[in-house]
Amino acid sequence: MMDTAGDVVDVVFGLRGGAIARDYAYRLWQSLNEQLVWLEEEAGAGIHPLYGASSGSEQELYLNHRARLILRLPAHRAQQASSLRGTSIDLGGTVEIGAASVRELRPHAVLYSRFVSTGTADEIEFLSDAEYQLRQAGIAGELVCGRARTAQAGDAALRGFALMVHGLTPQQSLQAQRTGLGEGRKIGCGIFVPHKSVAAVGT
């Protein structure tokens with residue numbers, strides 16, 4: 001197992017926009033895939049979920065000035081990804097992509113993914129699948145399951161749960177961030193980020 005994550009980075013872009021569709025993820029993937037023609041072939045590439053506030057509508061999400069587009073990519077793709085700067089995408093509202101910066105992955109004993117899908121909507125089966133997949137990758141942390149999630153991937157629906165993994169060694173933490181877990185990395189699923197508190201997994 002590798003003890004660094006130097007071959008995988010997060011490429012972070014500023015965003016400018018207002019209200020977008022709450023179920024924006026597949027549209028975002030399609031737009032980025034059109035502009036970055038190599039993105040689909042990068043099996044390990046992922047697109048972090050966008051975070052925003054409720055706009056007062058169940059169908060919309062509001063992006064404030066702190067919103068970021070973050071791509072988890074092999075380091076050699078970072079420069080190519082920066083070509084997104086200055087482009088606009090339609091996510092149910094126009095969003096302009098700003099300048100890019102590169103952020104290295106850092107080890108953290110507690111990791112969190114907002115949405116992990118292993119192909120089941122049953123919580124017990126999900127935890128069993130997730131534990132198995134992590135152990136296959138040499139990762140032996142403790143799992144805490146959060147709320148159920150659903151997302152559209154074209155005509156298909158993905159179902160899963162929020163997931164926290166804690167008690168990780170630095171090497172395991174980096175490995176989990178590099179490889180992710182489950183299906184749908186290009187629509188924001190299975191991407192782990194550092195988290196401060198085990199107690200916050202259900203929020």
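This is a predicted model: local features need pLDDT of at least 70, side-chain atom pairs count only at pLDDT 80 or more; totals for chains, interfaces and linings use all residues.

User: Among contacts in the chain between residues at least 6 apart in sequence, what percentage join residues at least 24 apart?

Analyst: Residues are numbered from 1 along each chain as its sequence is written, and side-chain values use heavy atoms, with hydrogens and water left out. Contact means heavy atoms within 4.5 Å. Among contacts in the chain between residues at least 6 apart in sequence, 77% join residues at least 24 apart.

User: How many helices and strands are there in the chain?

Analyst: Helices (H or I, at least four residues) and strands (E, at least two) are DSSP runs, numbered from the N terminus. The chain has four helices and twelve strands. Its radius of gyration, taken over C-alpha atoms, is 16 Å, close to the 17 Å that the globule rule gives for 203 residues, so the chain is as compact as a globular protein of that length. The globule rule is 2.2 Å times the number of residues to the power 0.38. Along the principal axes, the C-alpha atoms fill a box of roughly 40 × 35 × 30 Å.

User: What share of the residues in the chain is buried?

Analyst: Buried means under 20% relative accessible area, exposed means over 50%, and partly exposed lies in between (1.4 Å probe, protein chains only). Of the 203 residues in the chain, 44% are buried. The accessible surface, from the Shrake-Rupley method with a 1.4 Å probe, comes to about 10100 Å², and 47% of that surface belongs to carbon and sulfur atoms.

User: Is helix α4 mostly covered or mostly uncovered?

Analyst: An α-helix has 3.6 residues a turn, so residues three or four places apart point the same way. In this structure, helix α4 (residues 170–179) is mostly covered, with seven of its ten residues buried. Those buried residues are Gln-172, Ser-173, Leu-174, Gln-175, Ala-176, Gln-177 and Arg-178. Their cover includes β1, β6, β9 and β12. After α4 comes Gly-180, whose phi is positive, near 70°.

User: Which residues lie nearest the centre of the largest pocket?

Analyst: Rolling a probe the size of a water molecule over the atoms shows where empty space is left. On a 1 Å grid over the protein atoms alone, a cavity is a set of points where a 1.4 Å probe fits but cannot get out; a pocket is an open set with protein on both sides within 12 Å along at least five of seven lines, and lining residues have an atom within 4 Å of a point. The largest pocket is lined by 26 residues, and His-48, Tyr-51, Ile-70, Arg-103 and Val-193 lie nearest its centre. The volume of the largest pocket is about 610 Å³, a volume being the space filled by probe spheres set on the grid points, which are joined across faces, edges and corners.

User: Which strand gives the most to the lining of the largest pocket?

Analyst: That strand is β9, with four residues. At least two lining residues come from each of β1 (8–17), β6 (68–74), β8 (94–104), β9 (111–116) and β12 (193–194). The lining of the largest pocket divides into eleven nonpolar, six polar and nine charged residues. Here Ala, Val, Leu, Ile, Met, Phe, Trp, Tyr, Cys and Pro count as nonpolar, Asp, Glu, Lys and Arg as charged, and the others, Gly among them, as polar.

User: What is the volume of the second largest pocket?

Analyst: The second largest pocket has a volume of about 500 Å³. It is lined by 21 residues, and Arg-22, Asp-23, Tyr-24, Arg-114 and Thr-150 are the closest to its centre. Strand β10 (142–153) gives the most to this lining, with five residues. The lining of the second largest pocket divides into twelve nonpolar, five polar and four charged residues.

User: Which residues line the largest cavity?

Analyst: The structure holds one cavity of 30 Å³ or more. The largest cavity is lined by Tyr-24, Ala-25, Leu-28, Ile-47, His-48, Pro-49, Ile-187 and Gly-188. Six of these lining residues are nonpolar, two are polar and none is charged.
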